[in-house]
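Reader: Hi! Could you walk me through the side-chain contacts in this model? I'll jump around a bit.

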Amino acid sequence: MNLVERGSHLEILDGLLADGLAGRGRIALVSGGIATGKTELIYGFTESVRDALVLCATGARAEQRLELGVVEQLFYSAALPGDAAARAGALLSSATTTTNQPHGTDADARLVHDLCALLLELSRDRPLVIAVDDVQFADQTSLRVLLHLQRRIRSARIVLLLGEATGASGTGARQAHTVLRDEIVRQPQSRHLRLTPLSQDGVRDLLARHLGTQAAAQLDEPCHALSGGNPLLVHALIEDFVAAGRPVTDHGVSEPVTGDSFAQAVFTCLRRGEPLLLRVAQGVAVLGEFATPAALARLLDLDSRTVQDLSRTMNEAGLMDAGRFRHPVARAAVLRDLDPDDLSSLRLQAARLLHDDGVPAVDVAAHITAAERAPGAWAVPVLRDAATEALVRNDIGRAVACLELARAACQEERESTAITSMLTSVQWLVDPAAAAAHLTQLGTAFDRGVLARRQAWGLVRALVWFGRSEEAAAMLAELDRPDEVDSATATERQVTRQWLVHVQPRLVARDLAVDLERQRLGTLASVAAFGVTPGAIDGAERVLQSSRIGETPLEELIGALQTLNHGDRGDRAGYWCDELLEEARTHRAVTWRAAISDVAATVALRRGDLLSAERLARAALGALPAPSWGVGIGSPLATLVQAATRLGKFEEADAHLRQGVPQAMQQTRYWPQYLLARGQHHLATDRLRAALGDFLAVGELAGEWHLDLPVLLPWRHEAAQVYVRMGKPDRARELVGEQLTMPGATGARIRGVSLRVLASASDPGRRLPMLREAVDLLGGLGDWYELALAFADLSCAYQTLEDFDQARVAARRALRLAKSCHAKLLQEHLQHHRTATGGLDFSDGRDDGESLAPLSAAERRVAGLAALGYTNREISRRLYITVSTVEQHLTRTYRKLNINRRTDLPILANPGPGSGAFPVEAGPGVALPGDRLL
């Protein structure tokens, strides 16, 4: 027997048995909390009896109305001698009529007397041990028999052993049981044995018997804390631990396991108590930390004294500690038994009760949302406040749940519309497709005049996102009026109009030309039209520095990032993309993460980091399902196509182009962006007419939308490259010439690329100056792919002029840059050029990453700048070191790399922001002079 910490009780019972066998009748009352080992003690004792007749019975709540049910169990639990069995049967049969009479009648009293007499007579032939477990559930007549018997056994050979679970009496038999209990405990021949939960030492002993001493020594403390010393719960923890297969090693064991056995044991304990015990436990499970006796009494419509008594019972049984469940599994087990409708009703009652008590909204809302049922109108402000708090804590799921219930409970149209608008904004953070389900309702609310104008501007952007341009246009016609414009509405209007310029220019094309003429464009359009200005860059930085997820419109944020990117501030754009991506991950804002990954991909592409561009574009597309991208899916797809093409992954690019896109995308700027990418792919795979068709189509749209700005849609130099390949250099020069005179074309990138393309369409003798300037301009941007193209063309120009040394240097740098970019197509072109020109050797056989390995960080920075053609004095100014220090670094670098000339220095392309290998942008007035570079 596993009677841990029950040895002293067994000794007492053995002593009582000895007295009983000697003719000194004894009574033992064994009481204890629920499942504290009472039954096991009684069973263990009766099993050890050898010199007496043992009669056993167990009370049951379900049989309390079955009169004499316990006495009948006693007589039928063992083989009675002689005619005792027949006499017992006759008495029990007569009870069928007797027990129908009121208690206290002569017949009733006679029956009780005769049954006791039969038991006393049996004890004369052989000592009796009469054991009744769970006596608190015995029927009233059986209790009267036991009460009658205990008064007459002082000189009989009888031991009467009764077991009771404290706090578990049935309400119908409580009074009779109390009389019996009180009578017993005052008898001199009786002993009252009180069982308490196991101590920590007892828990360790029990664990050792099943899991070994090593596991017991490490699990005893947490198991005691989880079980409160309740033996049934400890056994359940042992079963869960074994079932989980947790190892026991010399280095320690796993933590205790709370699984199905533990949950079932908790529920079993509560079922063993009186009916209200489980109900109070359910109230505690629902109220959680707010389960005070007063709150429980109000929730369950009970008196406080009853609640306190039952709470004490559960604490004493180890089920709870200070009125709280010891583990969430126990709480879940209690709630799982409740009917779903009853549980929902109880939770809503709890929510209202807590609200009336002034509990914070977020705690009240937790009960409302758990009910999964619309509450009354009283809960609407509570749910709205809780949703706001949830957003502050980055719990978007909780905010959505609160707002959905608030909308269902709201009965006022304007407030319901405001809640729906807020719900749409919150859902947009994680799943735009789910938010789209509310757009029609919000549109109807706008028509009815119950949607606030500030929220209406957000609705316009959402409609455009999903290609519902006609609805957006109708709203714009109504919204875009100067009357009733406050500061918040004015901000939303500005954000929306600036965003539409770059996403759906057709909707604002009529005003775009006027805005362009009056220089009233947003920061990105200003950069595109008028070049980089301190005001535009500073404005973008201010937006990014003050942005907050869920507060700053995503469209405004993307515009600021694109301003930096198109304004040749790729290093700053990359920095902010990293910062915002981390914030989006922290806030679990999936839509933000997808959109910012898309911008980050375009930034990486413009910096020649093709692998990062491909990775980020894939991440953007993977973050959201295609339906949630709406018309915006064209942006990451275009970047992915461009990156795959430059990486030489033509089949992958073809597969991306075969992916379906929304028809409505053709009305947005994402379509010309997509056409440019497709045209570049056609050009790379020698489909010249298809490429030219795509580029010219972009030109038509750019003119139609008054968005013919080369920084945004550089279709001219793309088409010019096709004309060069077609043998039409005049048309190519015409297009590039136009581009160089257009607004925004003075920027380093546009001018550098334009000059490179213009040189390819010009006579050989005129190419060199243009290509040198292109190298100077592109070298300061950190776009190593475009710089590689410029170096490649420069090598060809020198080759044509038979300046083979300079051709070799330029080609070598082009090849190294192409390798660093992983631009497979460009590498193949350069290798083909080497073969076609009679084997011009421009390869030194070194891998740049390996060759730079021996260098320190400072030496890498100096070597990187020197490789790009900076003089020692220029390097000293840029790195804030002395010229002498530069010379020392270069001397050590030559020795480590085993080279003799500056032109043999390897180029490490696009090291990434902050690496310091060499600059990622050139400031105003800093160039890479061609005569010094080569």
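Reader: Are tryptophan 428 and tryptophan 465 buried or exposed?
Author: Both tryptophan 428 and tryptophan 465 are buried. Buried is under 20% relative accessible area, exposed is over 50%, and partly exposed lies in between, with a 1.4 Å probe and protein chains only. Keep in mind that this is a predicted model, where local features need pLDDT of at least 70, side-chain atom pairs count only at pLDDT 80 or more, and totals for chains, interfaces and linings use all residues. Residues are numbered from 1 along each chain as its sequence is written, and side-chain values use heavy atoms, with hydrogens and water left out.

Reader: Good to know. How many aromatic pairs are there?
Author: The count is 4 aromatic pairs. Rings of Phe, Tyr and Trp (its six-membered ring) pair if their centres lie within 6.5 Å; planes under 30 degrees apart are stacked, over 60 edge-to-face, and the rest tilted.

Reader: And what about the rings of tryptophan 428 and tryptophan 465?
Author: Their centres are 5.4 Å apart and the planes sit at 75°, so the pair is edge-to-face. The pair links distant parts of the chain, with tryptophan 428 in helix H20 (residues 413-428) and tryptophan 465 in helix H23 (residues 453-465), 37 residues apart. Helices here are DSSP runs (H or I, at least four residues) and strands are E runs of at least two, numbered from the N terminus. Ring pairs also join Trp428, Trp465 and Phe466 into a cluster.

Reader: How do tyrosine 575 and tryptophan 576 pair up?
Author: Tyrosine 575 and tryptophan 576 are edge-to-face, at 5.2 Å centre to centre with 75° between the planes. Tyrosine 575 is partly exposed at 35% relative accessible area, while tryptophan 576 is buried at 10%.

Reader: Switching to charges: how many salt bridges in the whole structure?
Author: The search finds 43 salt bridges, each being a side-chain nitrogen of Lys or Arg within 4 Å of a carboxyl oxygen of Asp or Glu.

Reader: Which residue does aspartate 805 bridge to?
Author: Aspartate 805 bridges to arginine 808, with the closest N and O atoms 3.2 Å apart. They are 3 residues apart in helix H43 (residues 804-821), so about one helical turn separates them. Aspartate 805 is exposed at 54%, and arginine 808 is partly exposed at 25%.

Reader: Where do arginine 352 and aspartate 356 lie?
Author: Both are in helix H16 (residues 340-356), 4 residues apart, about one turn of the helix. For comparison, glutamate 471 and arginine 468 meet at 2.8 Å, N to O.

Reader: Which residues are linked in a network of salt bridges?
Author: Asp568, Arg606, Arg749 and Asp783 are linked that way.

Reader: Handy. What lines the second largest cavity?
Author: Its lining is Asn565, Asp568, Arg569, Gly570, Arg606, Arg607, Arg749 and Leu781. By class that gives 1 nonpolar, 2 polar and 5 charged residues.

Reader: Last one: how many disulfides?
Author: The count is 0 disulfides, taking a disulfide as a pair of cysteine sulfur atoms within 2.5 Å. Among the cysteines, cysteine 116 is buried at 1% relative accessibility and cysteine 796 is partly exposed at 27%.

Technical notes:
1 Å grid on protein atoms, 1.4 Å probe; cavity = no way out; pocket = protein on both sides within 12 Å on 5 of 7 lines; lining within 4 Å. Nonpolar A, V, L, I, M, F, W, Y, C, P; charged D, E, K, R; others polar.
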